[in-house]
Amino acid sequence: MTTTPIHRAPDSATARQALALAGVFQAASLVDELARTGQVDTRPWETLIQATLDTDPESFEAIYGGHPNNLRRGLEVLEAVVGRKQANPAVLRYGFSLLLLMNKLRNDNAMMSSLGRHLGRIQGQAEHFGATHENVIASLGEAYQETLSTLKTRIVVQGDPSLLQSRMMPERVRAILLGGIRFALLWHQQGGRRWKLVFQRSALRKALDQLG
């Protein structure tokens with residue numbers, strides 16, 4: 001089995017912001033798909049979980065597994081955000097809600113520290129069981145529930161009620177949302193700001209063209 005070669009991340013700040021933002025909207029898309037169908041595609045799901053667990057990546061591109069195709073789902077949603085395609089309103093709502101939650105988290109040092117402690121423990125679990133083992137997913141869901149779910153601003157996920165109440169579904173949804181927060185923080189670290197989504201759409205479109 002050949003491994004996917006590492007594609008060096010672009011030097012452009014806007015392109016890096018686009019990749020990080022793609023992670024946010026990939027999470028939004030997966031939450032919508034999971035809530036409606038009970039299933040998610042493996043590659044984008046694993047990319048989000050691995051990124052959440054890797055709190056000290058060796059490079060920017062390592063966060064998303066070394067290849068922008070791992071964020072393909074999110075990049076396609078981002079095309080809609082900049083106005084090129086028809087957007088799924090639920091996915092956009094989840095994505096922008098994740099950006100809002102990230103800002104609240106950033107301003108809460110105690111919550112950031114608590115989340116860091118949770119992730120430190122979960123990394124040990126992942127090394128033992130594997131990143132997507134249900135014990136790890138359950139712990140990621142618990143980490144989200146004990147931190148971000150306590151904020152007044154919450155993400156209300158809509159879908160098939162019977163699916164949303166099924167075994168491991170709440171944990172999987174929360175784990176995906178936590179992955180979205182991971183990429184939202186990365187987007188902010190790379191200089192991403194909400195106003196730029198309005199006033200710098202042409203720059204984002206160019207970055208998406210470069211990313212293919």
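Arg 174, located in helix α8 (helices being DSSP runs of H or I with at least four residues, numbered from the N terminus), counts as partly exposed because its relative accessibility is 23%, where buried denotes under 20% relative accessible area, exposed over 50%, and partly exposed the range in between, with a 1.4 Å probe and protein chains only. The structure is a predicted model, in which local features need pLDDT of at least 70 and side-chain atom pairs count only at pLDDT 80 or more, whereas totals for chains, interfaces and linings use all residues. Residues are numbered from 1 along each chain as its sequence is written, and side-chain values use heavy atoms, with hydrogens and water left out. When neighbours within four places in sequence are set aside, Arg 174 is in contact (heavy atoms within 4.5 Å) with Gly 141, Tyr 144 and Gln 145. The C-alpha atom of Arg 174 is separated by 30 Å from that of Arg 205, which lies 31 residues apart from it along the chain.

Residues up to four places away in sequence not being counted, Arg 16 touches Ala 9, Pro 10, Asp 11, Phe 60 and Gln 190.

The buried residues of α2 include Pro 44, Trp 45 and Leu 48, and their cover includes α1 (13–37), α3 (72–81), α5 (109–129), α6 (134–146) and α8 (169–189).

In helix α3, 8 of the 10 residues are buried, so this helix is largely enclosed by the rest of the structure. Among these buried residues are the charged side chains Arg 73 and Glu 79, and the buried residues of α3 pack against α1, α2, α4 (89–106) and α10 (201–211). Gly 83, which follows α3, has a positive phi near 95°.

Phe 199, in helix α9 (residues 194–199), is exposed, with a relative accessible area of 67%. Together with Trp 195 and Val 198, Phe 199 forms a nonpolar patch on the surface with about 390 Å² of accessible area, nonpolar side chains being joined within 5 Å when their residues have over 30% relative accessible area and no salt bridge.

Key. Helix = DSSP H or I, 4+ residues; strand = E, 2+ residues; numbered from the N terminus. Patch = residues over 30% accessible without salt bridge, like charges linked within 9 Å, V, L, I, M, F, W, Y side chains within 5 Å. Areas by Shrake-Rupley, 256 points an atom, 1.4 Å probe, with all protein chains shown as cover. Salt bridge = Lys/Arg side-chain N within 4 Å of Asp/Glu carboxyl O.
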